[in-house]
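Subject: Structure handover

Hello,

Here is the structure I promised to pass on. Please open it first, then read the notes below.

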Amino acid sequence: LATLGERLDRLYSNPSGFYGWLVAVNHRSVGTRIIVTAFIFFLIGGIEAILLRTQLIQANLDVLSPQAYNEFFTLHGTTMMFLFAVPMVEGFAAYLVPLMLGARDMPYPRLNAFGYWCFLFGGIFLYASFLAGAVPDGGWFAYPPLTGPVHTPGLNMDFWLLGITFVEISAIVAAIEIIVAVIKFRARGMSANRIPLFVWGELVTALMIIVAFPALLAASVFLELDRKIGTHFYNPLTGGEPLLWQHLFWIFGHPEVYIIFLPAAGIVSAIIPTFSQRPIVGYNLIVMATVATGFLSFGVWAHHMYATGIPFLSLAFFAAASFMITIPTGVQIFAWIGTIWNGKSVFKTPFLFVLGFLVIFVLGGLTGVMVAVVPFDLQVHDSYFVVAHFHYVLIGGMVFPMFAGFYYWFPKMTGKLLSENLGKLNFWTMFIGFNITFFPMHILGLLGMPRRVYTYQTGLGWETLNLLATIGAYILAISILMFIVNVFRSLKAGEPAGANPWNGGTLEWAADSPPKNYNFLINPTVGSRYPLWQDDDIYLGENVDARANSLVVEPHHAHRATQGTSALYAEPDTIVRLPVPSPLPLLLAFGLVVLFASILVNLIVPALLGIVWTLVIGGIWLWPSEGDFVE
Amino acid sequence: MLLAVLMLLTSCESPSTLEPRGPRAGLVAGLWWWLLLWATVVAVVTFTFLGVALWRSRQDKPLDKTMGISGEKFALLAGAVFPAIVLLVITLVTLEVMAELDEPAGDNPSHVIEVIGWMWWWEVRYPGTDAVTANEIHIPAGETVEFRVSSADVIHSFWVPEIAGKVDMMPGGENIFWIRADEPGIYRGQCAEFCGLQHAFMAKLLIAHEPEEYQAWLERESQPAPEPVDPVLQRGQEVFMENQCHFCHAIRGTEAVGIVGPDLTHIMSRQTLGAVTIDNSIGNLAAWTADPHRFKPGVKMPPVHFAGEDFEALIAYLVSLE
């Protein structure tokens, strides 16, 4: 007779073979896919950046044609924001949130898988523009009228608009997933004040996505209507308003920055306690700061529009709101410093990346305050100063924590440790390469160099600094290569990690490394924020195997299920049945591909077929079947 | 390092925001040094705390021995109260400088100049006169001038770092602001809003004259082009009209009244061609006219499809437009 563990493992495993890969819905399969795919897009966006920097290494080069340069900077921004940063933080959530909450899966595993397929197809859709020779070239911000039907008559912007619409769908479904998971799937006893800070960050991010992404969705639908059926939302000649796009875009676009940052801050809040070997300082403050950031981020969008001619009186409010948003971030930074101060630092690679984050992000925050000062911004807006600023906050604020997270959780995901030596080399080259690349850009901006120029003339004092920046970019690229080497070496012959290699305190370290398909044999119970440090009896003193075996006969162990708990105090109140592997997510996403591809090339009948296909698959998906209901 | 940075910042070859040549940029340059000071203070405080924290965290000490103040209080004092005070000061100064930028100090504008953005050049009009020029904006030095900027196609942005920060040029609307250059001089600026293929080569020169000189320039610029008497120039003018040049370009005093390209009435009085892409000289004018895409790929002007005597006559005619 197989043990319960073996039986559960089989119950939660993906079917074998290629078909099994297509129908997988398990949160760790989906999460790993999102992370790997987003990392590949990170590499693609990085290669684009290297090409852009190579073109600018000297004045008047033509490594890239003007058209190619404009295409590559458009793709670089679009890829990094839509295909790397947002999916990456959602990938981390899909993998880690159930483990940290002590759940067996995300609440809607099929929706999770559907989100992944939308993300993948959206990325492929965008890059398919190369095959059509109509690569988007209007910038990741896509301001009309430049991107409207008159000035971009080709399919370039249609690829962009439809591609990111896919990604928007993916972001929104992931957000729903995360919110429901945090509200309903927490371990027994994990009341609101015991939720890991990483999960808090992901929760606030998910709520922000729900509010912010529809603005972008509306904006892009309007623009696509302008382009395809001749509406005039953004056409100034017929009473449309180009500024409408900018408002809608930045109502999405500024929260977007925090959508990326808050989960990254959550990673930092997870790593610093582990490598200080003490609980975080100011847990309540950090939670409040995270929530406050989420709210304030919706009141600052017009600081991207200081130069558009909005009256100074209105701008003053946006400047004040932009100053205010630094305060919750300041609180977080000093809570982290306080944790380090009171702890015992362990200088392992994840901790180094977190320290790199602290230094770079603080510098980026300081230039952020500067660009929020309206008169100063009017000088540096759309100059290289801004390029320097936002790479400090985005690479500093998201990429460094992400690498910290890779080094921290890679052992959990694979069971293997990454090499510390290579990791430290990886960190120092990245830290130095980053600063050599982006620090000179501050000065370039002050010296009058505008952004998004494919080349520049000699004699303007911009040559040395551009050369320096490009050299830094090459160092950064080498650093990323080191990371890839480290991953492959470790996958092949890494040191075994064990369940808890860093002596972490949160629930994911209670699971095996890599976790079994069912994550936890029985749903754990917690009595504190760091159950593994407090020696919380997460299995309630029972012999896990014996207790679990006694449960085998119960119906909810005959199919995938996890425990649902109440929203505030996390008392168990339901057993939630989880779906089995299914081709429906892929088929539904495929219907959208047919629909969007048909819209792209103006084919009505296939577009209608795509709609019908999507509706039919959606109907099958929603058709109630026996045991679908919460018990 | 810092010294090298400061030297770079004050090198004179760049159109630098930190070497202001007028009050509008001057206010902001002063603001920058002040902001840099505050940013340095905050950075030093933060990194000192971080450094001490790391140093203390390596000491062998019992884990319950803490900093002597509750962590919450520390985070609130250092992370909220301290920045809030700094930010309050910055807010007040910001509002003060904004008020100064909004209204020209002292005198009312003496002149009004309209600038219209096109992909990828600048049309400049002087209301009340017939003067129309391109890519060069002449102003009287020491006087406050009102600018009205807009766009004929996509969004562009007006920027002359040594004189004034950005003001976007919106299609279908007009943004109004004031400018003053303290001294006569030539100040370079580039379009600052991505406007398509040749955004990189959409530059302009702001040329400040002594006020009398400016009046003389304005009168000269307002004159129509003289009727050519030399037969070669007459042939050149015919070539201009026969080859559709006049669909896009205007030459005041002739039947060429196109508006989608730069006004050529006094083209040889200008310093550059193609929106500060190349210097203006007879050789460059001929080369540009023959194939502007050599210098500025994708520019809206097509290459001419004829050569020989007609081409030479055309160039001779253009060269006569001083």
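Let me start in a loop of chain A. N519(A) sits between α16 and α17 (544–551) of that chain. The model is predicted. Phi of N519(A) is near 65°, a positive value in a residue other than glycine. N519(A) is buried, at a relative accessible area of 4%.

For N602(A), the angle is near 60°. Its loop runs between α18 (584–600) and α19 (604–622) of chain A. Is N602(A) buried or exposed? N602(A) counts as exposed, at 53% relative accessibility.

Why flag these angles? Most residues other than glycine have a negative phi, and most peptide bonds are trans.

Two peptide bonds belong on the list as well. The one from P144(A) to P145(A) is cis, with omega near 5°. P145(A) lies in the loop between α5 (109–127) and α6 (156–184) of chain A. In chain B, the bond from M119(B) to W120(B) is cis, and its omega is near 0°. W120(B) belongs to the loop between β1 (111–118) and β2 (121–125) of chain B.

Next, helix packing. In chain A, helix α14 (residues 384–414) packs against helix α16 (residues 463–493) at an angle of about 10°. Their axes are 12 Å apart. That angle makes α14(A) roughly parallel to α16(A). On the α14(A) side, the residues that meet α16(A) are F403(A), F406(A), Y407(A), F410(A) and T414(A). Their partners in α16(A) include I480(A), F483(A) and V487(A).

F39(A) touches some of those residues. It is placed in helix α3 (residues 27–55) of chain A. F39(A) is buried, with a relative accessible area of 11%. Beyond its neighbours within four places in sequence, F39(A) contacts M88(A), F403(A), F406(A), I480(A), F483(A) and I484(A).

Then look at E71(A), in helix α4 (residues 66–101) of chain A. E71(A) is buried yet has no salt bridge. Which side chain of opposite charge is nearest? It is R227(A), 13 Å away. E71(A) does have a polar contact of 2.9 Å with the side chain of Q67(A). Leaving out residues up to four places away in sequence, E71(A) touches V135(A), P136(A) and D137(A).

Last, the salt bridges. The count over all chains is 17. Some examples:

- D573(A) and K184(A) meet at 3.2 Å, N to O. D573(A) is in strand β2 (residues 572–577) of chain A and K184(A) is in helix α6 of chain A, so the pair ties together parts 389 residues apart in sequence. Both are partly exposed: D573(A) has a relative accessible area of 41%, and K184(A) has 26%.
- R125(B) and E123(B) form a salt bridge at 2.4 Å, N to O. R125(B) is partly exposed, with a relative accessible area of 32%. E123(B) counts as buried, at 7% relative accessibility.
- E146(B) pairs with R148(B), the closest N and O atoms being 2.9 Å apart. E146(B) counts as buried at 18% relative accessibility. R148(B) counts as partly exposed at 25%.

There is also a network. Salt bridges that share partners join D382(A), R451(A), R452(A) and E193(B).

Best wishes

Terms used. Residues numbered from 1 in each chain as written. Chains lettered and ligands numbered in written order. Predicted model: local features only at pLDDT ≥ 70, side-chain atom pairs only at ≥ 80, totals over all residues. Heavy atoms only, no water. Helix = DSSP H or I, 4+ residues; strand = E, 2+ residues; numbered from the N terminus. Buried < 20%, exposed > 50% of the residue type's maximum accessible area, 1.4 Å probe, protein only. Lys, Arg positive; Asp, Glu negative; His and termini not counted. Salt bridge = Lys/Arg side-chain N within 4 Å of Asp/Glu carboxyl O. Polar contact = N/O pair within 3.5 Å; in protein donor to acceptor, adjacent residues only side chain to side chain. Contact = heavy atoms within 4.5 Å. Axes fitted to C-alpha atoms, helices over the stretch in contact; angles between N-to-C directions. Parallel < 35°, antiparallel > 145°, perpendicular 65-115°, else oblique.
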